Amino acid sequence: MTTITLKYGKGHFDVDIPDENLAGVILPEELAGVPDEAAEIHRALENPIGSPKLRDKVKAGMKVVDDYKVVDDYRVVDDYRVVDDYRVVVIISDVTRPVPSYKFLPMLLDELNAGGVPDSNITIVVALGSHRKSTPEEHKALLGQSYGRVRCIDQDKYDAKYVGTSSFGHRIEVFREIVDASFVVCTGNIEYHYFAGYSGGVKAILPGCSSHDTIQNNHEMMRSPKAETGRMDSPIRVEIDEVYSMVKPGFLLDVVLNSRKEIVTVVAGDPIQAHRKGIEYVDRMYSVKVPTADIVITSAGGYPKDINMYQAQKAMDNAKHVVKQGGTMIMVAECEECLGNDVFACWVDEATTLDEQAARMDKKFELGGHKASVIARTAQKCEICLVSKIPDETVRKMFLQPVKTPQEALDAALKKHGPNAKVLVSPYGGMMLPKSA
């Protein structure tokens, strides 16, 4: 018997699997966290990819005059003068992402200061995309010791300006504070994304800081067969990267984390080139080929990846690639905030049949509601048992089976599929991309 621990919120479940049934545990070929995270952040800032240093980029964008001349429109900052309205925006991820913004923000702000930008000219924008607003406590947690040092606001998807039209014919509208800034820094983490291919990069702007309609139009392309985990040719990722030429963010700082949420590497510099370098680390650690199994047990990876079903569903989408048709998936995700999106909740409540729910987003795509359709499509392939805090009635309306523990679900699945049933376990399902061997 093999005991495997599955993260659940800030706690865990243990599940015992008979050795004769265990086909494998899907674990990342992870790199260790760097021994000195501050040193790694410093290294990345000092050695940007495809770009001058951040301090030099912001300095080059300012109107600098001789220190000994008196110009009324300028004020002294260190040993030179800059125009007062030079405004820098730093975009950070919201609380649903495991990005340790509080670790790199002090050094990032110091770098901007070294380039001549005072704290009073810097705004932190929390990229919400279609997520709920942040609480003051969450702002404090996200910024850490930088809280109170600079202005911090949430993105507003209803206060956006038109910046261009994508090659897909979509109007791109971006949060006003981003568009009006003199210089924009994107930050985030790079990992697999179930329809954008990968997170990170300019995704901080689209969908992170875009209008509701722009996000919806972008996400609607998830119906494309190319909109899959790990694909750079996903139309969603292609449109995201097109925003780079419309808004022209000047710098990127992204982290790559291991399953313990330790920093493996930091990439900084050109928003496209640095992002692609980070992707190399993700593929190295989290892409694996395994045989399909009758039963697949997966955890979203604990908090914050399982803060709600809107986030946790990504683990379900990854696991679907290696569960057999007609098999059983057992999903462990606390979902303290239940579904996490009002439109998603509405679609779930309005559900009639599995097939109709699965087809609903093809008939009329609605941001948030698409999650209900995606879950239903996975449920068409296999039985899905869910261990969560979501009310049982709501779980059933998603066409999932509520269970109390993964052990209970496994015992029932083994009876259903027989003594020779094969079991795969993916303890870090939100991060791993298992592919059928």
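How many bridges join strand β9 to strand β10, and do the two strands run parallel or antiparallel? In this predicted model, five bridges join β9 (residues 160–165) to β10 (residues 171–175), and the strands run antiparallel. Thr-165 stands opposite Arg-171 of β10. The two strands form a hairpin with five residues between them. Within the turn, Gly-169 has a positive phi of about 85°.

Parallel pairing is found in an open sheet of six strands, arranged in the order β3-β21-β17-β18-β19-β20. Its edges are formed by β3 (22–25) and β20 (401–403), each of which pairs on one side only. On average, neighbouring strands of the sheet are turned by 20° against each other, direction ignored. At one end of the order, β19 (residues 383–387) is joined to β20 by three bridges, and these two strands run parallel. Leu-386 stands opposite Pro-402, a residue of β20.

Two helices that lie across strands of this sheet are described here. Helix α12 (residues 370–381) lies across β18 (323–332) and β19, and runs at about 130° to β18. Helix α14 (residues 406–417) lies across β17 (293–299), β18, β19, β20 and β21 (423–426). The angle between α14 and β18 is about 165°.

The largest nonpolar core contains 83 residues. Those touching the most other members are Ile-91, Ile-178, Met-222, Met-309, Phe-344 and Met-398. Helix α9 (residues 309–319) gives the most to this core, contributing six residues. Leaving aside neighbours within four places in sequence, Phe-344 is in contact with Met-309, Tyr-310, Leu-339 and Met-398, among others. The contacts of Phe-344 also include Gly-368, Gly-369, Lys-371, Ala-372 and Ile-375. A second, separate core has 35 residues, including Ile-92, Val-99, Leu-112 and Val-255.

Ala-204 is located in the loop between β13 (197–198) and α6 (212–220). With a relative accessible area of 9%, Ala-204 is buried, because the cut-off for burial is under 20%. Residues up to four places away in sequence not being counted, Ala-204 touches Ile-91, Ala-127, Cys-186, Thr-187 and Cys-209. Ala-359 lies 155 residues from Ala-204 along the chain, and the C-alpha atoms of the two are separated by 30 Å.

In the pair of Tyr-192 and Tyr-198, the ring centres are 5.4 Å apart and the planes are at 35°, so the arrangement is tilted. Both tyrosines of this pair are buried: the relative accessibility is 5% for Tyr-192 and 3% for Tyr-198.

Charged side chains also sit over aromatic rings. The charged end of Arg-360 is placed over the ring of Trp-347, at 4.1 Å from the ring centre. Likewise, the charged end of Lys-371 sits over the ring of Tyr-310, at 4.7 Å from its centre. Lys-371 and Tyr-310 are both among the contacts of Phe-344.

Methods. Residues numbered from 1 in each chain as written. Predicted model: local features only at pLDDT ≥ 70, side-chain atom pairs only at ≥ 80, totals over all residues. Heavy atoms only, no water. Phe/Tyr/Trp six-rings, centres within 6.5 Å; stacked < 30°, edge-to-face > 60°. Buried < 20%, exposed > 50% of the residue type's maximum accessible area, 1.4 Å probe, protein only. Lys NZ or Arg CZ within 6 Å of the ring centre and 35° of its normal. Pairing = 2+ DSSP bridges. Helix = DSSP H or I, 4+ residues; strand = E, 2+ residues; numbered from the N terminus. Axes fitted to C-alpha atoms, helices over the stretch in contact; angles between N-to-C directions. Contact = heavy atoms within 4.5 Å. Core = buried A, V, L, I, M, F, W, Y, C linked by side-chain atoms within 4.5 Å.
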